[in-house]
Structure formats: structure tokens, C-alpha cells
Amino acid sequence: MGQIVPDPIERYLAALNRLPDAVLQDVARAGAERNLPIIDAEVGALLRVLATAVGAQRILEIGTAIGYSGIWLAGALPPRGSLITLEMDETRAQIARENFARAGLADRVNVVIGDASRMLHKLSGPFDLIFQDGDKQLYSPLLDPLVERLRPGGLLVTDNVLWDGEVVPNFVKAPRHPPADTRAIVEYNERLQAHPDLITAIVPLRDGVAIAVKRGRSELAPLLDTLARTTQALREGDFNDDASH
Amino acid sequence: MTPAIEEFGRRLRAREISCAEMTDACLARIEADNARLNAFILVMADQARQRAEELDRMLASGRDCGPIHGVPISIKDLVDVRGTATTAASRVREGHVAERDAPAVAHLRQAGAVLVGKTNLHEFAFGTTSEDSAFGPVRNPHDPARSPGGSSGGSAASVVAGMALASIGTDTGGSIRIPAAACGTVGLKPSYGEVTTDGVVPLSRTLDHVGPLARSVGDAYLVYRALVGDASARPPAPAPLPQLRIGVLRGYFMDVVDDEVRARFEEAIDHLRRVGAQVQDVEIRHAAHIAAIYLHIVLPDAAAYHAKTLERVPDRYTPAVRWRLEMGRHVLAEDYVRALAGRQLLAREVDAALTGRDALVLPALAIPAPPLGANSVIVGRTQEPVRNVMLRLTQLFNLTGHPAISLPCGATGAGLPCGLQLVGARMQTDALVRVAAAVEVALQ
């Protein structure tokens, strides 16, 4: 359990959550047994909601682990959608591939092994949603490259931005996290809020989730406005009368 | 205008010029001017010379293919010519090679044409200015800072600059007639279905037409006949002017027209009246809906054809064409159906306007050639998007399938050509061409 929301409330939220399926519960159990850093079901549900809300067709994830969050994300994709997920650890990536296959999502998920800071330049956008859950010290250096690959109106979602409360000086009596990671997250949160292309809100769910939407309209938007006006004009025409006029 | 093909044919058979000399003259014009005009994507110099020499030998041995024998013709790079890439002026088509000629091109070869090259165009024929092209913009021979019109811009430029005696274009909303008007040449869109569109990259299969651009009505007619497989056509006899009954399309069609284009048009109408034509004003009742009906058909048709490449390689399109194609995915089926109903109604209204008349007449292009890069132009007192205003007077006859021809009709003070458009009854292209031949003579 995290440090942000009181445990009884977290238990209440967990009990309400009806979304996970058998594969997800199985993967969560395996993750817990091996003490692997995976998100919680409540954050998973939030990811599913956000990906569905933006009609995501292309999603990028930094930090696959064993595919738990990826299953939540990919489950929101249409049949021809795609999730590209980056993982540095080869063993975890292999387990993730097996889990995606068990969840019936192998056709739309591509697990890429490698360091995000090296792999990212090979990936071209635009993505509808990017989930950042990788190396905390890379949060800041990767921010601009990720925003570049996001479509206007797309979401950059970042996990662990409250870092068990350690981002607040002196809030946690005995900090567990390496101070360099904590400093990296503090810096990242400030850059997120100040980023000219983003509008950001932080949800204190579990370990804190930052949700940032990229400003601006797509190049298509003004064309669709014009089309809408033309469609309105078309609908006002009565074409069913005949040539007797 | 000099009837280039007819004149060449006369001199060829009088042994005053050879096919090889005519082809060399066109290739020399290409060599001299193509860097400036960017009219050609591919120049087929060696093949053209070889073919011209072969045609000279044929003629020497008594084999005459007909009026197109030895005529250098350029082909819009949307049409398959065997062994060459049909680029459609797009990076999306990289690596494509046509295995065989489009049937219309095969007919041209049988008629003795010399193919000099593939002309530049607006990418996938989806635009009216020929500036969104993977090979760079085509420039207007009258003013290189201006568009030659489009989408068959390279075709029109090649004919006007003497790089070919005629060109094959395609017309889905005006893509033959618009560049013909903007460059000051003749462009003929035959009736729908007359010239096969097989082997032509489609934009909208129910609106697409193939036809010629040439320097005179007679030349355009001879190439049009060759395209349908008639290699031995004779130049059309002009219809007798004093008995011609012509309907002038007013209302919507004259509401958004540049002052100088309007003046040249009204002068032409006055002149036709003076030489005895019976000229009456006519209106198309649902004309105000033409653009909306057209858009709701062409957009989804184009998006359907491009759906796979839009998903796979969206960045290979020029941005403007890509976003226009994407728009098509946002048209509801019910609006497409509504547009189809509107299209039928418009066809009946054009038929009715032609009842008891030989042709309808209107400008071919509401503005002179626009500057390259312009998104909007001032027409009268209003600012209009370039694309809308350029399609405004031609797209109706793609919806209805009536044959239509654009011919030169004077120029603006700055020397930019204006075009006059004549429209005939469906499947009566020959009759329309006879009217156009008479009007051409009257306007000279």
C-alpha cells in the first residue's frame, strides 16, 4: 500500500474495482511474489479509462516490467491499435510477452528490449497516450522527446510522481528511496507543471499519477470545422424533390 | 490558336518535317524549360526518339496511323505507361513500376503517338494548384511565380511551353479544365465513362475522367478520339454559329468571379450574340449545394482508396493532401447517401437546362492563375479559399457526367489567360466539340 491515501480507503477502492480479469489477477500475484515494481489495479483502471477516453490507437509505454500495466492499456485498444512498450531487462520482457499472449493481446503489443533514452529516436509519433513508468532518473531527460511524440490532445501519464510522499521534504521520517531518484522526480514534477505544451494535474492515487494533456489542436481540426459547416449546408438541402420544379 | 497537331500532320505528309524532327523539337523545349517550369517528372527522350524514327520508317513504307501519327504527347503521371513508375507525384508510390499501359495509353500508341514523358501534378490529383507534389511545384509558363492550375498542371504547362503537342490529363473536379484555363490552352473532359480510367490511379471512381489538353479544339478532339480507340478521326466541322442555342449559367456560377475574368466572359457572350447565336440565361436550382454534394462524395471515395497507406505511411504524403484525405474518414454514410441523392437531382437539372439548347456556357475558372503558396484569394470584395474558388465552376459536370471543354477566352491586364467553358448533353461529346470549334473561331 502507498503512503498517500489512507489504507482503509485504498482497500475500499480495491474492493470496488470490478475491471480486472483472471489474467490480470494472475500477473499481479506473480508480480507481488517476485516483489516486482508493478502498478496497482486502481492505477490500471485509471490507465484503461484514460486510454479509452482519448480513443487511443497508438500507445507508448516506458517500463514494461512483466506487462501488467501494458495489459490494462492494450485492453483499451481497437483491434488494429498498437502498444509499443520498452523494457531494459530481457528476462522481464520475455515474461511480459508471455503475459500479453495469455491476455490475447499479442497481436497489438510490441515489447522492445532496450534503454528508452537510446531507443526513443527510432520511434516516430504521434502517440495518443504515453505512459512513463521507467527509470526515474530518465523522467526529466525524456520529457521533451516524449512530448514531441504525443499528438495534440494526447496524454502523457506518469507514475510514482509522489514517490511514497518522499517528494515532500521531511514528510517521510525514514526515506526508503535513493535521494538521487527523489530529486529527479521533484525536478520532473516542476518541469511538467511549467511545460509550455502541457496542462498537468496530479492525482494522489496510490503512488501519485501525473496526467498531462498536450495543448493545441491537430492539423485536422480546422478542416473538420469546415467540413462540419459544409455538412450542415448539405443537410439543409432537400434533394428528394424531383425534376418537376 | 495554331492547330498544332493538324498543322504538323499536314507538313509531315508534305515531307516538310519528320516525326523525329518534331519529337526533337519538343525534347529541346523540355531541355530548355523544364528546370524552370518543373512540368515533367520523367522525360522519356531515348524511347521517344526511337519511336519517332520507327514512325518515320512506317510512313515512308506507306503505313499511316492517322492524325496522331508521330505526334509528341505527354502523359500525366497518374496514368500507367508500361515500364515506368506511376508516381502520382507522391512518395507513397515509391518503387512502383507499371507492368502495362493503361488501355487509353495503349490506344494512343496504336494511333502513332510518341510519348515524351510523364508530367507533374498535384499529389494524387487531390488539389487544384499542382504545388503539393513530391517533385516540387509546377510553375505557370505565363508567370513562374503562379500556379498552372491543377491537378494536371504539368500537362497544361507542357502543351503551352511547346514540350508536347498535346497531353493526357485526368479530371475529377476540374483537373483538366482548370489548368487549361490557367495556362491558356484547350482542355476536354469527355462524358463520364467514354475514356476508360483503367490503369489510372483513382481519386473518386465515379467522378474520374481521362481526357486531352491541346492547343486547339480540333487537336483536343483528335486526341480524344485516339483515346477511345478511333485512330482515324477527322477534325470536327464547326457547328453553324447563327443557329446555335446557348444557355449562359448565371446565379451561383457568376456570384464569385474575378472582375477581369467576368469582363472577358461577358465580352465573349456579347460577341457570340453579335454573330447570331441565340443566347439565353439559365439557372440551376440547387446550384448552391454543388460544393457540399461534391465534397461529401469525393472525400470518402478518396479516403477509402487511401485508407491502408494513410495508416501505414501517413508521413509520406504531403501534409495538405494527407489532411484532406483524413477528412474523408469523418463523413457519415448518411451524408454520403444524401450527397448521392443531390447528385442525381443536379444531373436532372443540368439535363433540363440543356433541353432545346446546344450547349451551356460559363467561365472555366473564376480567377486568373493564383500565386504559388496562396491559401486564399480576394474575389470581388470577399476572401475565398483558393481550392473552393478554383473548383467552383467545373465540379458540377464531374457530378453529372456531362462533357465539358475549356477554351481560351482572352487574358487579364497582367497577361494571365482566362477560360471559357462549354457543356454539352451527356454522351454527345462530338456535338459539344462542334459547338466549341465554332465558338473558338468566333473568339479568335
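This is a predicted model: local features need pLDDT of at least 70, side-chain atom pairs count only at pLDDT 80 or more; totals for chains, interfaces and linings use all residues.
Visitor: Is H7(B) roughly parallel or roughly antiparallel to H15(B)?
Guide: The axes of H7 (residues 217-227) and H15 (residues 429-443) of chain B come within 9 Å and cross at roughly 160°, the axes being lines fitted to C-alpha atoms, for helices over the stretch in contact, with angles from 0 to 180 degrees between N-to-C directions. Angles under 35 degrees count as roughly parallel, over 145 as roughly antiparallel, 65 to 115 as roughly perpendicular and the rest as oblique. The relation of H7(B) to H15(B) is therefore roughly antiparallel.

Visitor: How many nonpolar, polar and charged residues does the contact of H7(B) with H15(B) have?
Guide: H7(B) passes H15(B) in a left-handed crossing (the near helix turned anticlockwise from the far one by less than a right angle; clockwise would be right-handed). Ala, Val, Leu, Ile, Met, Phe, Trp, Tyr, Cys and Pro count as nonpolar, Asp, Glu, Lys and Arg as charged, and the others, Gly among them, as polar. By class, the contact of H7(B) with H15(B) has six nonpolar, two polar and three charged residues.

Visitor: How are H10(B) and H11(B) oriented to each other, parallel or perpendicular?
Guide: H10 (residues 290-312) and H11 (residues 319-327) of chain B have axes 8 Å apart and pack at an angle of about 115°. The contact brings Leu299(B), Ala302(B), Ala303(B), His306(B) and Leu310(B) of H10(B) against Arg322(B), Arg324(B), Leu325(B), Glu326(B) and Met327(B) of H11(B). Given that angle, the two helices are therefore roughly perpendicular.

Visitor: Which residues of H8(A) make the contact with H7(A)?
Guide: In chain A, H7 (residues 139-148) and H8 (residues 179-194) pack at about 30° with axes 9 Å apart, and H7(A) is therefore roughly parallel to H8(A). From H7(A) come Tyr139(A), Ser140(A), Leu143(A) and Asp144(A), and from H8(A) come Ala184(A), Glu187(A), Tyr188(A), Arg191(A) and Leu192(A).

Visitor: What separates the C-alpha atoms of Ile41(B) and Gly154(B)?
Guide: Ile41(B) is found in strand E1 (residues 40-43) of chain B, where helices (H or I, at least four residues) and strands (E, at least two) are DSSP runs numbered from the N terminus. Not counting residues up to four places away in sequence, Ile41(B) touches several residues, among them Asp77(B), Lys118(B) and Phe135(B). Although Ile41(B) and Gly154(B) are 113 residues apart along the chain, their C-alpha atoms are separated by 8.7 Å.

Visitor: Which residue does a cis peptide bond join to Gly150(B)?
Guide: The bond has an omega of about 15°. The residue joined to Gly150(B) has its place in the loop between strand E3 (114-119) and helix H5 (153-160) of chain B, and is Ser151(B).

Visitor: What is the mean pLDDT of chain B?
Guide: For the complex, the predictor gives an ipTM of 0.87 and a pTM of 0.82. On pLDDT, the predictor's confidence in each residue from 0 to 100, 99% of the residues of chain B reach 70 or more, and the mean is 97.

Methods. Residues are numbered from 1 along each chain as its sequence is written. Chains are lettered from A and ligands numbered from 1 in the order in which they are written. Side-chain values use heavy atoms; hydrogens and water are left out. Contact means heavy atoms within 4.5 Å.
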